[in-house]
Amino acid sequence: MMTYPVNLQVKPQVTNFFDPVSNTISYVVKDPASNACAVIDSVMDIDYAAGRISFDHADEIISFIQQNGLELQWLIETHVHADHLSAAPYIQKKLGGKIGIGEHVKTVQDVFGKVFNEGTEFERDGSQFDRLFKDGDTYKIGQLEAFAIHAPGHTPACMVHVVGDAVFAGDTIFMPDSGTARADFPGGDAATLYDSITKVLSLPEEMRLYMCHDYAPNGRDILFETTIGEERRRNIHVAEGVSKEEFVRMREARDATLDMPTLIVPSIQVNMRAGNLPKEEENGTVYLKVPVNAL
């Protein structure tokens, strides 16, 4: 098993931004020793029924970075999201920074390039992104060293990012009372997800763990921060003592009851392009396709 460069002595400043439409939590992560920062899992707003996009959520993040005199160095996508559209290119155009995702985005591009019949002009090599992370790859946010853990199962390209004592889980795991992500998308696998979660939960128990989503079960308030130790002890799907076989049975049975995410069709088309929309057609209009009976 790979040894990851964990550094519990460094405690980055983490600021959250909640999007109530998609229940997504985006983060600005600041190096405590400089003004450098990263944005993790930004959101572009969409009125799907009207076919209209806007950037209120992204503008809030941009304003925070500008008002605090921060330098944006990275825009991190934990995976190709199926429930919200990324605002990474919009933020990059305003503030700079590099857009990064896991190298297995190429697998997602290949699968969904076929689903959406994208043709040969759609590159399936990850070249839309500035950096493709491999398991254990490191990168710098100012003086702060961060690293990526490949955590497939929800999707093939899922990466968990570790920045000092803070862990950004993407959709790999949720708050302890919410369990884990679904594993029935193309390329997903419940057994693989269990292995990925086991790897992530082997990190030191005191590490802060931040969610990409929270759905406030049982009417509680939105929560987004816990610890590795709390997940080990209390997660309703993968707490200590739950076997791989038990998890797979539960996850597959639960996934069979779930509807597709409301925004999966526009989200995948945009996010596999690093947050860019498809090219305009001859009439100057951008279109998003709806594949019939293909998902």
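This is a predicted model: local features need pLDDT of at least 70, side-chain atom pairs count only at pLDDT 80 or more; totals for chains, interfaces and linings use all residues.
Select glutamate 231 first. Its side chain is buried (under 20% relative accessible area, 1.4 Å probe, protein chains only).

Residues are numbered from 1 along each chain, and side-chain values use heavy atoms, without hydrogens or water.

Now show helix H5, residues 228-234, which holds glutamate 231. Helices (H or I, at least four residues) and strands (E, at least two) are DSSP runs, numbered from the N terminus. Beyond four places in sequence, the contacts of glutamate 231 (heavy atoms within 4.5 Å) include Ile173, Phe174, Leu201 and Ala239.

Move to helix H4, residues 190-200. Its buried residues include Leu193, Tyr194 and Ile197. The buried residues of H4 pack against E10, E11, H5 and helix H6 (244-255). At the start of H4, find aspartate 189: a side-chain oxygen lies within 3.2 Å of the backbone nitrogen of alanine 191.

Next, select strand E10, residues 144-150. With 6 of its 7 residues buried, E10 is largely enclosed by the rest of the structure. Strand E9 (residues 138-141) pairs with E10 (pairing needs at least two DSSP bridges) in the antiparallel sense, over 4 bridges. Look for tyrosine 139 opposite alanine 146. In the hairpin, glycine 142 has a positive phi near 65°.

Finish at strand E11, residues 159-163, joined antiparallel to E10 by 5 bridges. Here isoleucine 149 stands opposite valine 160.

How values were computed. Buried means under 20% relative accessible area, exposed over 50%, partly exposed in between (1.4 Å probe, protein chains only). Lys and Arg count as positive and Asp and Glu as negative; His and the chain ends are not counted. A salt bridge is a side-chain nitrogen of Lys or Arg within 4 Å of a carboxyl oxygen of Asp or Glu. A polar contact is a pair of N or O atoms within 3.5 Å; within protein, one must be able to donate a hydrogen and the other to accept it, and residues adjacent in sequence count only if both atoms are side-chain atoms.
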